[in-house]
Amino acid sequence: MENQTIIAEDVFGKNGQLLDILTYPNPILKKVATPVEEFNEDLKTLCENLLHTMYMAPGIGLAAPQVGVSKRIFVMDIDFDREEVTNSEGKSEYRITNTNPLIFINPVIKNKNGEILFEEGCLSVPGIYEQVKRANEITVEYQDFEGNQKVLEANETLAVCIQHENDHLDGIVFLERLSLLKKNLLTKKYLKKKKKNG
Ligand code: NI
């Protein structure tokens, strides 16, 4: 079913464009992304499009390489509500509320502490979910889309999500964080499904 891409809450990303999400094993997902050097309108538009695409997917994080842009950028919102509603014209649309969009540019993860086992999925590896071991507490240094330097301390879901998205900037999908046995098993399952679905 075709859905209109409407976000009801006035959130950064509302007016963004829906981008195509690349799926594994697209070679761009395996590349190490390059740092952002220019903080201009194009960057802001890209961030807005990334958030829009993430909210519509829906997902809780999306990295620029996943839409074919090999730059060190990811966006995130780990706890929003999305509801499918029928509008006055009888068409289906999405209402997104309780948003808290985060944008990370040129992130660097520091001070990893503790361990957490968390079930992960990825918009670039649709249909596959598996528990991954990550650091439970991290500090991340990054820039916002205006180039301001920021620091965030994160734990649990937020920390896991940042580590997952940051991996995308290094050309790593979560399957590669699993044991070789699980990785091979799930990759085979995923590729078989992908082939079947075209
Ligand atoms: Ni992912």
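Predicted model: local features only at pLDDT ≥ 70, side-chain atom pairs only at ≥ 80, totals over all residues.

## Surface and overall form

The C-alpha trace spans about 50 × 45 × 30 Å along its principal axes. A compact globule with 198 residues would have a radius of gyration near 16 Å, so the 17 Å of this protein agrees with that. Of the 198 residues, 44% count as buried.

## Helices and strands

You will find 3 helices and 9 strands here. Following the sequence, the pattern reads α-β-β-β-β-β-β-β-β-β-α-α. Among contacts between residues at least 6 apart in sequence, 68% join residues at least 24 apart.

In soluble globular proteins, nonpolar side chains tend to be buried together. Here, the largest nonpolar core has 21 residues, and Leu50, Met54, Tyr55, Ile73, Val75 and Ile105 have the most contacts inside it. Helix H1 (41-56) and strands E2 (73-76), E4 (92-97) and E5 (102-113) each give two or more residues to this core, with the largest share, 8 residues, coming from H1.

A second, separate core has 15 residues, including Met76, Tyr142, Ala154 and Cys161.

## A buried arginine

Now look at Arg72, in the loop between strand E1 (61-63) and E2. Is Arg72 buried or exposed? Arg72 counts as buried because its relative accessibility is 13%, under the 20% cut-off. Beyond its neighbours within four places in sequence, the contacts of Arg72 include Val32, Pro35, Phe104, Ile105 and Asp170.

Note on methods:
Residues numbered from 1 in each chain as written. Heavy atoms only, no water. Core = buried A, V, L, I, M, F, W, Y, C linked by side-chain atoms within 4.5 Å. Buried < 20%, exposed > 50% of the residue type's maximum accessible area, 1.4 Å probe, protein only. Helix = DSSP H or I, 4+ residues; strand = E, 2+ residues; numbered from the N terminus. Contact = heavy atoms within 4.5 Å. Rg over C-alpha atoms; globule rule 2.2 N^0.38 Å.
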